[in-house]
Amino acid sequence: MSKMVACVNITITTILLILNFITLVHAASKVPCYFIFGDSLLDNGNNNNLNTTAKANYPPYGIDFPNGPTGRFTNGRNMADILAELLGFDHYIPPFASASGRNILQGVNYASGSAGIRNETGSHLGNRISLDYQLQNHQVTISYIEGLLGNKASANLHLNKCLYIVGIGSNDYINNYLMPKYYPTNRSYTPSQYATMLIEQYAQQLKTLYEDGARKIALFGLPRIGCIPQELQKHNTTTCVNSTNEAILLFNEKLKSLVDELNTNFTKAKFTYINMYSISSIMGTLSFLNKPCCNISKTIAEGQCVPKKTPCLLRAVHVFWDNFHPTENANIIAIMRAYNAFLPSDTYPMDISHLITSVSSL
């Protein structure tokens with residue numbers, strides 16, 4: 001009975017959020033430009049031509065996306081796409097791999113599957129674009145924008161008005177700290193030490209982003225990685241892995257504190273924290289939703305969808321598409337709560353809808 005009541009409550013919540021989403025997407029563009037940094041939760045094609053198993057440019061990925069498989073690690077739109085709609089853009093922000101011309105004035109997506117804060121993260125899967133290299137790619141974009149707008153000052157004024165989102169760090173656990181077979185970090189650092197080291201490096205990377213003109217920055221915390229199907233299978237359990245979630249909480253607590261520090265030190269900018277751990281709490285509430293929708297590979301691209309195999313039909317009721325990534329519906333719910341906080345704990349100190357109006361002139 002408790003599961004049935006919980007499921008009804010979640011369904012009502014989902015309907016309300018999606019109705020709100022439908023209303024909001026008809027609004028005019030709220031920012032002139034939007035830049036995206038991160039990993040496979042936001043990647044829309046940057047890994048397609050890389051030598052890596054971390055790519056999603058084959059069916060059944062994209063089965064519900066108008067253009068089919070594009071490199072998005074889900075059945076349809078990812079969070080970056082849905083946020084673009086909420087912001088009023090009439091197109092999705094292109095990946096750096098194919099962005100060109102004046103389109104880059106409206107933004108670029110630099111996210112890369114298996115990428116992390118640390119450069120070695122995800123290396124056992126092949127090539128990827130770590131956050132350091134995503135920032136270098138952004139500097140390439142900035143040089144093009146300077147050429148389009150005539151000078152550095154004009155480019156900087158333009159960049160000051162953009163929204164920036166950064167969703168990174170999951171792979172520093174999934175494809176680094178939690179994989180002692182390939183990486184020494186688990187043996188070298190306690191969970192607290194590792195989280196501190198990650199945050200210190202992340203702080204320097206965010207300082208670089210600020211120095212390159214970013215003034216409205218949303219930082220996505222890490223979800224409940226201990227509840228993803230891959231972790232459950234690895235530990236042969238049907239309930240969330242507490243030790244993993246405890247390590248993730250250490251990172252998130254330090255990231256939230258970093259937001260305070262950044263807002264104190266960089267008064268011309270606004271940083272906000274998106275509490276993906278809280279937003280993803282449904283994963284620990286209903287274990288029967290923690291099953292992937294597609295057939296899962298156990299060989300080359302472990303945890304990802306087996307190519308060309310038919311996925312589940314009831315994709316709308318699944319939280320997970322494969323062993324790592326959410327379905328489009330789960331992405332809608334998550335980004336709606338990031339954009340317009342459903343609970344006070346969803347964001348700190350403000351949601352994205354308030355962030356984009358918080359800095360008027362610099």
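Tutor: We'll go through the disulfides of this predicted model.

Student: OK, what even is a disulfide?
Tutor: It's a covalent bond between the sulfur atoms of two cysteines.

Student: And how many disulfides does the structure hold?
Tutor: Four.

Student: Which cysteine does C33 pair with?
Tutor: C162, with the two sulfur atoms 1.9 Å apart. That pair links distant parts of the chain, 129 residues apart. C33 is in the loop between α1 and β1, and C162 is in the loop between α4 and β2.

Student: Are C33 and C162 buried or exposed?
Tutor: Both C33 and C162 are buried.

Student: Why is the disulfide of C33 and C162 left-handed?
Tutor: Because the torsion about its S-S bond is about -80°.

Student: New topic: what does C294 bond to?
Tutor: C305, at 2.1 Å from S to S. Both cysteines sit in the loop between α11 and α12, so this pair ties together parts eleven residues apart in sequence.

Student: How accessible is C305?
Tutor: Its relative accessible area is 1%, so C305 is buried. C294 is buried too, at 5%.

Student: What about C293, who's its partner?
Tutor: C312, and their sulfur atoms are 1.8 Å apart. The link is left-handed, with -95° about the S-S bond.

Student: Last one: what's the pairing if I number the bonded cysteines in sequence order?
Tutor: It goes 1-2, 3-4, 5-8, 6-7.

Methods
Residues are numbered from 1 along each chain as its sequence is written. This is a predicted model: local features need pLDDT of at least 70, side-chain atom pairs count only at pLDDT 80 or more; totals for chains, interfaces and linings use all residues. Side-chain values use heavy atoms; hydrogens and water are left out. A disulfide is a pair of cysteine sulfur atoms within 2.5 Å. Helices (H or I, at least four residues) and strands (E, at least two) are DSSP runs, numbered from the N terminus. Buried means under 20% relative accessible area, exposed over 50%, partly exposed in between (1.4 Å probe, protein chains only).
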